[in-house]
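Here are my notes on this model. Please read them with the structure open.

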Amino acid sequence: MDEIRWGIVGCGDVCEVKSGPAFNKIKNSRLVAVMRRDAEKARDFARRHNVPKFYSDADDLIHDSDINAIYIAT
């Protein structure tokens with residue numbers, strides 16, 4: 001089975017405790033990038049959850065070739 005490489009648009013409070021950490025707990029699933037309009041908050045989320053990439057523009061996340069699935073949490 002191919003790996004699902006996720007990007008999240010809108011990594012706010014719900015993703016913090018509910019959906020965000022779960023992406024890395026599922027077999028063949030990995031959270032690759034998060035996006036939030038506030039770049040510093042996106043960077044902080046990525047750092048604390050060991051997410052390799054963060055963006056402040058949804059288009060950048062959407063066009064990231066490392067991502068093959070997007071969760072919209074906003």
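Helices (H or I, at least four residues) and strands (E, at least two) are DSSP runs, numbered from the N terminus. The model is predicted: local features need pLDDT of at least 70, side-chain atom pairs count only at pLDDT 80 or more, and totals for chains, interfaces and linings use all residues. Residues are numbered from 1 along each chain as its sequence is written, and side-chain values use heavy atoms, with hydrogens and water left out.

1. Lysine 53. This residue is found in strand β3. Lysine 53 is partly exposed, at a relative accessible area of 24% (buried means under 20%, exposed over 50%, partly exposed in between; 1.4 Å probe, protein chains only). Its contacts (heavy atoms within 4.5 Å) include Val32, Ala46 and Asp64, not counting residues up to four places away in sequence.

2. Partners of lysine 53. The side chain makes a polar contact of 2.5 Å with that of aspartate 66 (a pair of N or O atoms within 3.5 Å; within protein, one must be able to donate a hydrogen and the other to accept it, and residues adjacent in sequence count only if both atoms are side-chain atoms). Aspartate 64 and lysine 53 meet in a salt bridge of 3.0 Å, N to O (a side-chain nitrogen of Lys or Arg within 4 Å of a carboxyl oxygen of Asp or Glu). Aspartate 64 lies in the loop between α3 (58–62) and β4 (69–72), so the pair ties together parts that are 11 residues apart in sequence. Aspartate 64 counts as buried, at 7% relative accessibility.

3. Helix α2. Which residues of α2 (residues 39–48) are buried? They are Ala42, Phe45 and Ala46.

4. Ends of α2. Aspartate 38 caps the N-terminal end, with a side-chain oxygen 3.1 Å from the backbone nitrogen of glutamate 40. Asparagine 50 follows α2 and has a positive phi, near 55°.

5. Charges on α2. Glutamate 16 and arginine 48 form a salt bridge (2.4 Å, N to O). Glutamate 16 lies in helix α1 and arginine 48 in helix α2, so the pair ties together parts that are 32 residues apart in sequence. Aspartate 44 also bridges to arginine 48, at 2.8 Å between the closest N and O atoms. Glu16, Asp44, Arg47 and Arg48 are linked in a network of salt bridges.
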